[in-house]
Amino acid sequence: PFGVQQIHRLPRSIQVLEMTNGRSNPSPGTYVDKGAKIQTSDGFFVDVDATILYRIVDPYKTFTKLGPGLLFRDLGMLPKAESVLKESLGQLTTEEFYNSEKRVEKAELAREILNDKLAAEGLAVDHVLVRYFEYSPSIQQNIEDKKLQDQLVFTNESKGRAADQRQDLMRTKEEGEYLVKVKLEEGDAYRVE
């Protein structure tokens, strides 16, 4: 009696935001955006491929704050995702990106920050996954050179410890052989006596 009603449907399933600079073969329901360019705490840049799994937890808030259709993604998630990744992952140094525990810790921090920012819009982030990161070729070469130098230092330290242990072994062996000779001489002396 009052005219036409319009029904807007919002997805209840997990939504996937894949941020990547590489080629991707997205599954249905996955939105692919450019990767995040993160400046590390020591001033270098790293390209990060990340996946954010999120969902609509309060459709009324989402609809009233962001609007119908895919605006929950375009106005809710996309404007915040890269800036939050920059904020959280930017706390790592260049070398700490190689430490998976620290990367996971900062990804968890990004999830918490995103949840704080998106709660008023009816969205919740379940996971932030850092899948791949890449430095510029010159920085990558510097890091690899430094890692090789570190490994060379560890190798030389190990060789030094092995040489010390070999000397201790030889000294112990010679002492043992000397003690055996002394006992044999004592035995010969006893027999002669």
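Me: Leaving aside its neighbours within four places in sequence, which residues is Glu121 in contact with?
Reply: Glu121 is in contact with Lys61, Thr62, Lys65, Leu66, Gly76 and Lys80. Contact means heavy atoms within 4.5 Å.

Me: Where does Glu121 lie?
Reply: Glu121 lies in the loop between α3 and β5 (123–135). Helices (H or I, at least four residues) and strands (E, at least two) are DSSP runs, numbered from the N terminus.

Me: Buried or exposed?
Reply: Glu121 is buried, at a relative accessible area of 14%. Buried means under 20% relative accessible area, exposed over 50%, and partly exposed in between (1.4 Å probe, protein chains only).

Me: What kind of model is this, and how are residues numbered?
Reply: This is a predicted model, where local features need pLDDT of at least 70, side-chain atom pairs count only at pLDDT 80 or more, and totals for chains, interfaces and linings use all residues. Residues are numbered from 1 along each chain as its sequence is written, and side-chain values use heavy atoms, with hydrogens and water left out.

Me: Back to helices. Where is Ser88?
Reply: Ser88 is in helix α2 (residues 71–89). With 0% relative accessibility, Ser88 counts as buried.

Me: What does Ser88 contact, neighbours within four places in sequence aside?
Reply: Ser88 is in contact with Lys106, Leu109 and Ala110.

Me: And Glu112, which helix is that in?
Reply: Glu112 is in helix α3 (residues 100–118). Its relative accessibility is 41%, so Glu112 counts as partly exposed. The C-alpha atoms of Glu112 and Ser88 are separated by 10.0 Å, and the two residues are 24 apart along the chain.

Me: Switching to strands. How many residues of β1 are buried?
Reply: For strand β1 (residues 15–19), 5 of the 5 residues are buried, so the strand is largely enclosed by the rest of the structure.

Me: Which side chains point which way?
Reply: Gln15, Leu17 and Met19 point one way from β1, while Val16 and Glu18 point the other way.

Me: What does β1 pair with?
Reply: β1 is joined to strand β4 (residues 45–56) by 5 bridges, and these two run antiparallel. β1 and strand β2 (residues 30–33) are joined by 4 bridges and run parallel. Two strands pair if DSSP finds at least two bridges between them.

Me: Which residues stand opposite each other there?
Reply: Val16 stands opposite Leu53 in β4. The bridge partner of Glu18 in β2 is Val32.

Me: How far apart are Val16 and Val32?
Reply: They are 8.4 Å apart, C-alpha to C-alpha, and 16 residues apart in sequence. Val16 has a relative accessible area of 18% and is buried.

Me: Now the whole chain. How many helices and strands?
Reply: The protein has 4 helices and 5 strands. From the N terminus the order is β-β-β-β-α-α-α-β-α.

Me: What about overall dimensions?
Reply: The C-alpha trace spans about 130 × 40 × 30 Å along its principal axes. The radius of gyration is 32 Å, whereas a compact globule of 193 residues would have one near 16 Å. That radius is taken over C-alpha atoms, and the globule rule is 2.2 Å times the number of residues to the power 0.38.

Me: What percentage of the residues is buried?
Reply: Buried residues make up 31% of the 193 residues.
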